Structures are given as structure tokens and as C-alpha cells.
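Hi,

Here is the structure we talked about, handed over for you to open alongside this note. Have a look first, then read on for what turned up.

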Amino acid sequence: MTARVIVVTSGKGGVGKTTTTANIATALAQMGNKVVAIDGDVGLRNLDVIMGLENRIVYTLIDALDGACRISQTLIRDKRVENLFMIPTAQSRTKDAVTAEQMIEVCAELRQEFDYVLVDSPAGIEAGFRNSAAGADEALVVTTPEVSAVRDADRIIGLLESMEKSPIRLIVNRIRPSMVKKGEMLSVSDVREILAVELIGIVPDDESVVTSSNKGEPLVLSQDPPAARAFRNIASRITGKDVPFMNLDQRDSGGFLGRIMRVITGQ
Amino acid sequence: MIKLKGMYDSMLRCIISEDMDAGDFSKEFDEVRGKGQRFLPGAKVVLDFGARPLSGELIGGIMSSLVWPSGIYVVAWITYDAATQDLLKRIGLPTREPEPSVRAAEYAKSGMLFLQRSLRSGQRVDHAGDVIIAGHVNDGAEILAAGHVVVLGRLNGLVHAGCNGDETASVVARSMEALQVRIGTKIGSLDRDERWWGKMVIVRVNEGSVFIDYWPAIKSENREEGIG
């Protein structure tokens with residue numbers, strides 16, 4: 001088994017990296033893949049809470065790096081989905097606790113055991129981000145349709161390009177079609193035009209994301225709102241399936257199912 | 001009133017206010033000479049008269065009350081009055097704004113930089129010559145060029161043309177979407193609701209201010225818009 005190692009990053013904080021990591025990891029596992037999600041945000045860990053696994057933490061990634069345990073002992077198996085694992089990080093340490101070389105080694109070890117390794121990167125462009133990305137082959141860049149988030153995503157894409165990550169693919173999170181229509185929000189095509197990388201998913205703004213995060217239950221586990229479908233579609237696209245984009249335009253919607261229509265990506 | 005300002009290449013600019021009465025010249029020049037007796041002898045000075053017309057007699061007066069006694073070396077006599085320019089040229093006095101020497105020297109070294117890619121946020125190009133970008137300059141990207149800058153895509157980021165003080169440098173963008181453009185020591189700002197936003201423009205410094213104008217349309221473009 002040789003896993004694909006994918007870093008989930010954004011530059012700006014609060015755009016939904018951790019939620020995206022949790023949902024995509026869960027969706028990939030639901031499809032039958034063996035997946036591990038690593039929390040790369042040392043000192044500000046959140047992935048465990050969003051995946052609902054915080055009460056099962058015994059060892060963290062940092063313990064393994066300090067030699068207190070083996071990497072395999074840090075793996076937390078998700079009881080709800082077969083083949084889904086998570087590696088938590090330490091809340092009491094800082095980004096200096098990990099080096100890029102260590103992350104490369106950890107990823108290399110996990111590659112043997114998994115199909116997909118997802119690394120949830122911290123916000124920013126400093127060591128934390130660089131370490132998280134060090135062991136990855138590919139990158140998912142999460143942005144929201146806001147000028148500041150897009151500018152930070154652009155910065156991150158430039159850095160990922162210089163680190164030779166490929167492919168670098170884009171997720172536009174929290175889009176509100178009604179605001180786009182009124183010209184109050186950047187559209188997906190605006191974002192794509194600026195960032196000029198491949199789009200792999202559009203996730204609509206959805207209140208259920210907040211409730212599911214608070215419950216520690218990734219949206220794709222039990223619910224079926226548009227955001228959950230969007231995350232599932234992204235997971236399918238990662239596996240190489242050609243899934244059409246949802247049409248988030250509510251103008252033509254005829255009831256609940258009518259809202260889920262296909263193909264708007266601006267192209 | 002007369003003002004003395006520093007310029008590039010350690011030159012001075014002597015700005016003679018347009019509304020000052022010609023009768024006060026001699027008194028004002030005395031004052032300038034008094035204040036500048038330590039640094040004026042041998043200094044390179046641009047005399048800037050704005051739009052003031054000068055007669056031959058007045059020019060003679062300036063020579064005898066300022067130029068000769070102060071020991072300055074006049075590099076240019078700047079006026080926007082066409083008749084005066086003509087008169088100055090006939091006498092054989094320099095009327096062209098001097099070009100910074102750094103430009104000529106550095107150009108010889110570095111020439112033009114042609115980049116066939118877009119600049120992303122945080123990426124910076126620093127070049128001692130002209131820069132052409134065959135791509136976009138995204139928000140948060142920066143270009144510092146000693147010479148001209150041409151952006152063949154969207155200009156969202158910051159461009160500083162003539163960054164060593166050369167105000168003859170210009171910025172051309174295929175789609176102008178930047179809130180600020182810097183040329184030489186000047187800063188020009190633009191609002192999103194201005195008519196140049198998103199258009200192909202040229203930005204230059206004229207009379208000490210940053211000016212923006214449409215890049216002249218070619219005939220085929222005029223036809224498309226039904227103008228020509």
C-alpha cells in the first residue's frame with residue numbers, strides 16, 4: 001500500500017480547513033479507503049474535537065516524535081467508520097515541537113499502511129504550515145469567497161508551487177449563491193480566475209456544518225445537506241471519479257431536491 | 001515665493017511660484033542665496049517656473065541675481081509656457097527635465113526582465129530595469145522596477161516603476177485593478193468606481209502628479225465598440 005499524502009491548507013485561518021479535512025477523510029473512508037487524518041496544528045489542535053475523538057486520545061504525534069511511543073500507538077480508530085483513523089497532536093506544545101524532516105518520516109511510515117494520509121495544516125505561512133506540507137505530495141487549498149481569504153490562498157499556492165506539490169487543487173468553501181447573485185460575494189469563477197488552479201469542490205454555506213462540528217460528528221457521517229454532498233463529491237474527485245459540480249443556484253430550485261442540481265463552475 | 005527641494009542624483013529643484021510678482025524676484029533670490037550659501041555653490045539645480053512666461057530681460061535678471069552670484073549649475077530651465085520654452089531654446093539653455101543617471105547606468109547592466117507567468121500574493125520582483133509580465137499581478141504581489149512596467153494581464157498588486165526616483169517611468173496594464181501605483185517618488189491612487197478600473201491604461205507622472213489614461217485603442221477594438 002502506498003498512500004497519497006495530501007495537505008489541507010489555506011493561509012488564512014477560520015476558512016474551514018479542519019472541517020474539510022474531517023469530512024473528506026470520513027468520506028474517503030466511507031468509500032472503502034483506509035484513511036488517516038493527521039492534526040498538523042500543534043498547540044491549537046481541533047481535528048480531534050471536530051471528528052469527535054478527543055476523549056480517546058492517549059498518545060499524540062508529539063509523543064511519538066519525542067520517542068515516548070510508536071506512531072502506530074498514536075492512531076485513533078474511528079468506531080463509526082471502518083478504516084478511518086486519526087493522529088492527534090499536542091495542545092500543550094508549540095509548532096517548534098515538529099520539524100519538516102520528522103513530518104516527512106511520519107508520512108513515509110504511514111504511506112505503507114494507508115490509502116490516503118490527510119494532513120490538516122495550521123493557518124499561516126510559517127514553520128507550522130511548512131512542516132505540515134513537508135511530507136505531502138498533493139495539496140488541497142481551502143478558501144472562502146472573500147478577498148482576504150483569496151489573497152492568502154494565492155500566497156499559499158505560490159509557496160506550495162515552490163515546494164513542488166502537485167496537484168494543487170482548490171476548494172471554495174461557504175459560498176452563498178444568493179449573495180453571489182446580488183454581487184455581494186465573489187463568485188466561484190472570480191476565485192478561480194484569480195487563483196488559476198484546478199477546482200475540486202464548491203461547498204455551500206450551511207448551518208449544519210457548525211452543529212456537526214460542535215457535536216463532533218462530521219457532516220458526511222449521518223446527514224445529507226448540500227454541504228455533506230459537496231464534501232462527498234470532493235472525496236470522489238480525489239479518488240479520480242468525474243463527478244459533476246452541484247448547481248447551487250436556488251433560483252431554479254423546485255423543492256429540496258431541486259436545489260441539488262448540477263454544473264455551475266463558471267465554465 | 002521660492003522653494004528649494006531635493007531631487008534624485010543629489011540635484012536641487014528650485015520652484016519659483018507662478019503667482020509671485022516678478023518685481024520680487026531679486027529680493028527672493030537674495031533670500032535663497034543667503035539661506036543656501038553653504039550648499040548652493042556648485043550644486044546642480046533645476047529651475048522650475050511652472051507655467052510662468054519669462055521675457056529675455058527677466059532671464060537676464062535671473063542670471064545676474066541668482067545663477068552667477070550663487071555659483072549654481074543650472075541643469076534645466078523648466079517652464080510650460082511654449083513661448084518661453086522657445087526663447088530658452090534659442091538662447092541655448094537646457095529645457096528638458098534631466099534623467100536620473102542611475103537609470104542609464106543600471107539599464108546597461110540589467111536591461112529588461114520578461115516574466116512569462118503570473119505573480120502570486122507575496123511574490124516580489126525587484127529589477128533594475130524595465131519589467132514585462134506576461135501574466136497577472138495578483139493582489140499582494142509586488143513589482144519594483146527601476147524602469148517601466150508592463151503588465152499584459154490583470155494588475156491587482158503593487159507596482160513601483162522608476163523606483164530609484166525616475167519619474168519618466170510609466171506603468172501599462174491590460175486590466176487596471178490596483179488601488180495604488182507608484183512612479184518615482186509619487187503615489188497615485190485609484191478607486192474601484194473610477195472609469196479606468198478594469199480597463200487598459202497607462203500611468204505616468206506629469207507635472208509632479210500621477211496621471212492615468214486609457215491606453216490608446218487600436219482600430220479593430222474601436223470597431224468592436226462601435227466607436228470608429
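What share of the 267 residues in chain A is buried? The figure is 51%. Keep in mind that this is a predicted model, so a word on confidence comes before the rest.

The mean pLDDT of chain A is 90, and 93% of its residues reach 70 or more. The stretch to treat separately is residues 251–267 of chain A, where pLDDT stays under 50. For that stretch the model has 28 contacts beyond four places in sequence.

**Chain A: the sheet and what packs on it**

Chain A has 13 helices and ten strands. Of its contacts with a separation of 6 or more, 73% are between residues 24 or more positions apart.

Eight of the strands make an open sheet with mixed pairing, and if you walk across it the order is S3-S4-S2-S5-S1-S6-S7-S8. At the edges you'll find strand S3 (76–77) and strand S8 (198–204) of chain A, each of which pairs on one side only.

- Ser166(A) and Pro167(A) are joined by a cis peptide bond, with omega at about 0 degrees. Pro167(A) is in the loop between H7 and S7 of chain A.
- Asn83(A) is not a glycine, yet has a positive phi of about 70 degrees. You'll find Asn83(A) in the loop between S3 and S4 of chain A. With 18 other C-beta atoms within 10 Å, Asn83(A) is partly exposed.
- Ala196(A), also a residue other than glycine, has a positive phi near 50 degrees. Ala196(A) belongs to the loop between H9 and S8 of chain A. It has 14 other C-beta atoms within 10 Å, so Ala196(A) counts as partly exposed.

**Where the chains touch**

**Chain B: sheet and strand pairs**

Chain B has an open sheet of six strands with mixed pairing, in the order S5-S7-S9-S11-S14-S15. Strand S5 (112–115) and strand S15 (209–214) of chain B are at the edges with a single partner strand each, so one side of each has no neighbour in the sheet. From one strand to the next, the twist averages 20 degrees. S5(B) runs parallel to strand S7 (residues 130–133) of chain B, and four bridges join them. Phe114(B) has Ile132(B) as its bridge partner in S7(B).

Lys5(B) is opposite Arg13(B) in S2(B). S2(B) also has four bridges to strand S3 (residues 44–48) of chain B, and these two run parallel. There, Ile15(B) has Asp48(B) as its bridge partner in S3(B).

**Chain B: a helix pair**

Helix H1 (residues 25–35) and helix H2 (residues 56–70) of chain B pack with their axes 10 Å apart, at an angle of about 10 degrees. That angle is why H1(B) counts as roughly parallel to H2(B). From H1(B), the contact uses Phe25(B), Ser26(B), Phe29(B) and Arg33(B). H2(B) answers with residues including Ile62(B), Leu66(B) and Pro69(B). Sorted by class, the H1(B) and H2(B) contact has five nonpolar, four polar and one charged residues.

Cheers

Technical notes:
Residues are numbered from 1 along each chain as its sequence is written. Chains are lettered from A and ligands numbered from 1 in the order in which they are written. This is a predicted model: local features need pLDDT of at least 70, side-chain atom pairs count only at pLDDT 80 or more; totals for chains, interfaces and linings use all residues. Axes are lines fitted to C-alpha atoms, for helices over the stretch in contact, and angles run from 0 to 180 degrees between N-to-C directions. Angles under 35 degrees count as roughly parallel, over 145 as roughly antiparallel, 65 to 115 as roughly perpendicular and the rest as oblique. Two residues are in contact if their C-beta atoms, placed from the backbone, lie within 7 Å. Ala, Val, Leu, Ile, Met, Phe, Trp, Tyr, Cys and Pro count as nonpolar, Asp, Glu, Lys and Arg as charged, and the others, Gly among them, as polar. Two strands pair if DSSP finds at least two bridges between them. A residue is buried if 20 or more other C-beta atoms lie within 10 Å of its own, exposed if 12 or fewer, and partly exposed in between; C-beta atoms are placed from the backbone. pLDDT is the predictor's confidence in each residue, from 0 to 100.
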